[in-house]
Amino acid sequence: MDLDDPMILIRGGLDPTEADPRFHQQMVYAVASRTLANFDRALGRRIEMRKGPKRSRLRLFPHGFKGRNAFYDRKLHAVLLGYFDADMEDVGTNIPGQRVFTCLSHDIVAHETTHAIVDQIRPYFLEPSNVDVQAFHEGFSDIVALFQHFSFPNLVSREIQRNCGILSNPGALVQLAEQFGYATGAGKPLRSAIGNDAARLDERLTEPHDRGAILVAAVFDGFFETFRRRIRDLVRIATGGSGELPPGDLQPHLAERIGDEAVRTAQRQLDICIRAFDYLPPVDITFGDYLRAMVTADFELNPDDEWEQRSALIEGFRRRGIYPEGVISLAESSLRWPAARDLPPLADALDALLPQLLKVEAARFSQRSRDADLVGRVGARPSMGGTDDDENNASTLKADLARALCAYAGTNADGLFLRPDLPVSVHGFHAVFRTASNGQLLIELVAQFVQVDADAGADPALGGLPVRGGTTIVVSVDGHVRYAIAKPLPSPSLPGSLARSAERRMVRQAEFVALLDAKDPRFPFMDATRLRGRMKARMSIRSLHRDG
């Protein structure tokens, strides 16, 4: 299909229909584009889809295979969406035996595209180094898909009217992949943002989808509370001060105003959730790390927090039993990452390179078209954007920056909580452009330093799982390091609290590998070769979705 065909453009695209495979292609392209645009907006930079060191289109396969699954595949650099015949019983609005296409599910396409984006910006979040890592991948992808429901004003207004302004009631806004869930015979949507009110994080809860659902519930608990605060005045005015809406459908204009507040609140909550990635350590994420990253990221742009969205988020995590490690309380000031100390400004070698990076990143960020990064099975083959010389110059610039940053990390290993005896690799060095709540443009630089301890990773008990440590730095435009967010490897040079945390992390990693081995029915039958590499088979979205 040629999405640039004038006859299609003049109609605003093909009309929605399950019967036309060309619409399937248009649907997948549109949802993936919206998902990428949300990341661009929140992160303040253009996400580059890459396969290895070079830019490469993310491939989208609407009819990728026959099966009850959909997944992102790193090796293929593609999102593959399956199709299958519906179950014969309890199929909801489906016809028994009906052909069901996962490519027509907004939620599934957004979920899998999010997996692809997360793998681009945090490639080590697929390594199951603790029980939260893969659960975070699943939970966060659900969060993005669910919040994107609020980008459809008609859907929001309808659900607001139907539920008398209560978003937390079961319905289309908070339920995920309804058709898929019923078509597979489950008799309910695949997952939900509300879940069980009493559900809390439990170390015995290890399946990634089930554990990720607790993260989703925590984020949405905070969202629902913020939404209630934002519409309180509207409800008081509409009810003459009682604050209690009568049963039945809302008055249409009131529903529209409440819907506007829901859309704004959801977009801001989604921005917070995505922006947090720039404040996460590069490896071994936990749910507690994610809460601290969200609080810090939002404080940087919105220190006043007029609607107390951060406090509602913190309360949502507390209610679900998610507590960060190494904090003395759940006060916002305690949860924010501490400011970097004893780190000099970036070296003189970077002074001439940083302005060039800002120029390149600003030019890319201003190009809002997603054609450079996406292609499905369509007739048009969009331009990758820019010339080969532009790409080569940008690659050379980034290589020069990486060398300068490695030199900076080697000189300041202690301040960055890195091991001086191990090599450092630089990942994801970016300039970001964000607008604060007061309208001021904020420009920062974000880089990830990663190390791997090959000797520790050779332990047969880890089954080929690398032992990594690393630090994310956030740098102001004048070269001063503002944050150094670390997950260090054990080292004698670490301060007491970080040294204990690093030791606990290594123990936790070994215990989690042992738990996965105990639950794997293939484990007793593996030969020596498979035993050494058994963890690699667990580092894929396809295997996660098959198990889920």
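Two residues are in contact when they have heavy atoms within 4.5 Å of each other. With that in hand, let's start at R122, which touches F277, D278, L280, P281, P282, Q448 and T472, not counting residues up to four places away in sequence. The model is a predicted one, where local features need pLDDT of at least 70, side-chain atom pairs count only at pLDDT 80 or more, and totals for chains, interfaces and linings use all residues. Residues are numbered from 1 along each chain as its sequence is written, and side-chain values use heavy atoms, with hydrogens and water left out.

R122 sits in the loop between α3 (106-121) and α4 (133-147); helices here are DSSP runs of H or I with at least four residues, strands are runs of E with at least two, and both are numbered from the N terminus. At 2% relative accessibility, R122 counts as buried. Buried means under 20% relative accessible area, exposed over 50%, and partly exposed in between, with a 1.4 Å probe and protein chains only. Q448 is 326 residues away from R122 along the chain, yet their C-alpha atoms are separated by 9.3 Å.

Now for the whole chain, which has 18 helices and 13 strands. Its radius of gyration is 24 Å, close to the 24 Å that the globule rule gives for 548 residues, so the chain is as compact as a globular protein of that length. That radius is taken over C-alpha atoms, and the rule is 2.2 Å times the number of residues to the power 0.38. Some further values for the chain:

| Property | Value |
|---|---|
| Box filled by C-alpha atoms, along the principal axes | roughly 65 × 60 × 50 Å |
| Buried share of the 548 residues | 55% |
| Share of contacts with a separation of 6 or more that join residues 24 or more positions apart | 67% |

Next, the interior. A nonpolar core is a set of buried Ala, Val, Leu, Ile, Met, Phe, Trp, Tyr and Cys residues joined through side-chain atoms within 4.5 Å. The largest has 103 residues, and F140, F147, Y290 and F317 have the most contacts inside it. Helix α7 (residues 208-238) gives the most to this core, with 12 residues. Leaving aside neighbours within four places in sequence, F147 is in contact with V219, F220, F223, A266, Q269, L270 and C273. A second, separate core of 27 residues includes A409, L418, V426 and F429.

Finally, helix α10 (residues 309-319) has Q309, R310, A312, L313, I314, G316 and F317 as its buried residues. Their cover includes α7, α8 (252-275), α9 (287-301) and α11 (332-335). Just after α10, G321 takes a positive phi of about 75°.
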